[in-house]
Amino acid sequence: MKARFRPGDSVTVRSAYSLGHVRTPHYIKGKRGIIERVCGEFANPEELAYGRRGLPKRPLYRVRFEQEQVWPDYIGPPSDTVDIELYEHWLEPDTKKD
Amino acid sequence: MRRHHDMGGEAAGPVNRSEHEYAFWEKRVDALLVLLAKKKLVRVDELRRGIEQIGPDVYDKMGYYDRWITSITNNLLEKGIITSEELGRRMAEVEARHGKEDE
């Protein structure tokens, strides 16, 4: 599967509720971040968790978020960020413009 | 909606930073998973899924390796590698050998 996003692209994490096993933490759903790097392609853990092969492999990204955007009561410096590795099917292109 | 295990960012109180030794049974559980993974019988994703399926009340009462062995057991039952009957008989044997308080 060809990676849809490139470093620097702005993305929003889908806020879908998900039964089963997912690697997207709840606290980051609906948040906007920037693609930091493409990590490669990996078998889908959501399928591997049920004994299946998880193919085709899915692109995985390291996505960078501003801590102030993630936590409403964040008290650290505004330059603080958090990087989270997320699969492509959890990301949507960000259409909002600042 | 947040699932119980997905607790990143929730209030959790102070962090206990003290070091502790692992009990012998905990080391055995760890070794068991290494063997099962090597033999491609249980993947780490399946282990995680099994842990996430533990009910919230029980999840909170269990320790780290209690959750592991619960998930490993359920995965092996699902795959038909062990049966409930075998497991029950074996647990009774071990209990009789060591007494209830041991292991």
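**Notes on the two-chain model**

1. The largest nonpolar core has 13 residues, and those touching the most other members are A:Val13, A:Tyr61, A:Val63, A:Ile84, A:Leu86, A:Trp90 and A:Leu91. A nonpolar core here is a set of buried Ala, Val, Leu, Ile, Met, Phe, Trp, Tyr and Cys residues joined through C-beta atoms within 7 Å. Buried stands for 20 or more other C-beta atoms within 10 Å of a residue's own, exposed for 12 or fewer, and partly exposed for what lies in between, with C-beta atoms placed from the backbone. At least two core residues come from each of β1 (10–13), β3 (58–66) and β4 (81–87) of chain A. β3(A) gives the largest share, four residues. Helices (H or I, at least four residues) and strands (E, at least two) are DSSP runs, numbered from the N terminus.

2. A word on the source: this is a predicted model, in which local features need pLDDT of at least 70 and side-chain atom pairs count only at pLDDT 80 or more, while totals for chains, interfaces and linings use all residues. Residues are numbered from 1 along each chain as its sequence is written, and chains are lettered from A and ligands numbered from 1 in the order in which they are written.

3. Setting aside neighbours within four places in sequence, A:Val13 is in contact with A:Thr24, A:Ile28, A:Lys29, A:Gly30, A:Lys31, A:Leu86, A:Trp90 and A:Leu91. Contact is defined by C-beta atoms, placed from the backbone, that lie within 7 Å.

4. Now the strand pairing in chain A. β1(A) pairs with β2 (residues 32–42) in the antiparallel sense over three bridges, and A:Thr12 has A:Arg32 in β2(A) as its bridge partner. β2(A) and β3(A) also run antiparallel, joined by seven bridges. Opposite A:Val38 stands A:Tyr61 in β3(A). For two strands to pair, DSSP must find at least two bridges between them.

5. One peptide bond deserves a look: from A:Leu55 to A:Pro56 it is cis, with omega near 0°. A:Pro56 sits in the loop between α1 (45–48) and β3 of chain A.

6. At the interface, eleven residues of chain A are in contact with eleven of chain B. The chain A side divides into eight nonpolar, three polar and no charged residues. In this scheme Ala, Val, Leu, Ile, Met, Phe, Trp, Tyr, Cys and Pro are nonpolar, Asp, Glu, Lys and Arg are charged, and the others, Gly among them, are polar.

7. Chain B has five helices and zero strands. Its C-alpha trace spans about 40 × 30 × 25 Å along the principal axes. Of its 103 residues, 11% count as buried.

8. Helix α4 (residues 64–78) of chain B has 15 residues and reaches 21 Å from first C-alpha to last, close to the expected 21 Å; the expected span is 1.5 Å times one less than the number of residues. B:Arg67, B:Ser71, B:Ile72 and B:Asn75 are buried in α4(B). Seen down the axis, these buried residues fall within an arc of 130°, so they line one face of the helix. That arc is taken over directions from the helix axis to the C-beta atoms. The buried residues of α4(B) pack against α1, α2 and α3 (56–61) of chain B.

9. Two backbone angles in chain B are worth checking. B:Lys40, though not a glycine, has a positive phi of about 55°; it is found in the loop between α1 (24–38) and α2 (44–52). B:Lys40 counts as exposed because it has 7 C-beta neighbours inside 10 Å. B:Gly80, which follows α4(B), has a positive phi near 75°.

How values were computed
Contact = placed C-beta atoms within 7 Å.
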